[in-house]
Amino acid sequence: SSFVPTKDEYITAELIQRENKKIEMLFGTECELHRPDIKHEVDTDLLVEISNTL
């Protein structure tokens, strides 16, 4: 599965079309594009926590 949020400000129709072509080329009908109703978010607290372990 590939996820492309519906409210992600970085997602364009062209990007979705490109992703669909990649999915078809790599996986045929064994994979599909999912469009959850969410936006692009970065969990900065989690990133800081991870960086502190490096």
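Begin by selecting leucine 46, which is partly exposed, with a relative accessible area of 41%. The model on the screen is a predicted one. Leucine 46 has its place in helix 2.

Remain on helix 2, which covers residues 44-52, and select aspartate 45. Is aspartate 45 buried or exposed? Aspartate 45 is exposed, because its relative accessible area is 60% and the term applies to values over 50%.

With Asp45, they gather on the surface in a patch of negative charge.

For the last stop, move to arginine 35. This residue lies in the loop that runs between strand 2 (33-34) and helix 2. Arginine 35 is partly exposed, and its relative accessible area is 37%.

Which residues does arginine 35 touch, not counting residues up to four places away in sequence? Select Val4, Pro5, Thr6 and Ile16 to display these contacts.

Finally, select asparagine 20 together with arginine 35. The two residues are 15 residues apart in sequence, and their C-alpha atoms are 12 Å apart in space.

Conventions:
Residues numbered from 1 in each chain as written. Predicted model: local features only at pLDDT ≥ 70, side-chain atom pairs only at ≥ 80, totals over all residues. Heavy atoms only, no water. Patch = residues over 30% accessible without salt bridge, like charges linked within 9 Å, V, L, I, M, F, W, Y side chains within 5 Å. Areas by Shrake-Rupley, 256 points an atom, 1.4 Å probe, with all protein chains shown as cover. Salt bridge = Lys/Arg side-chain N within 4 Å of Asp/Glu carboxyl O. Lys, Arg positive; Asp, Glu negative; His and termini not counted. Charge placed at Lys NZ, Arg CZ, Asp CG, Glu CD. Helix = DSSP H or I, 4+ residues; strand = E, 2+ residues; numbered from the N terminus. Buried < 20%, exposed > 50% of the residue type's maximum accessible area, 1.4 Å probe, protein only. Contact = heavy atoms within 4.5 Å.
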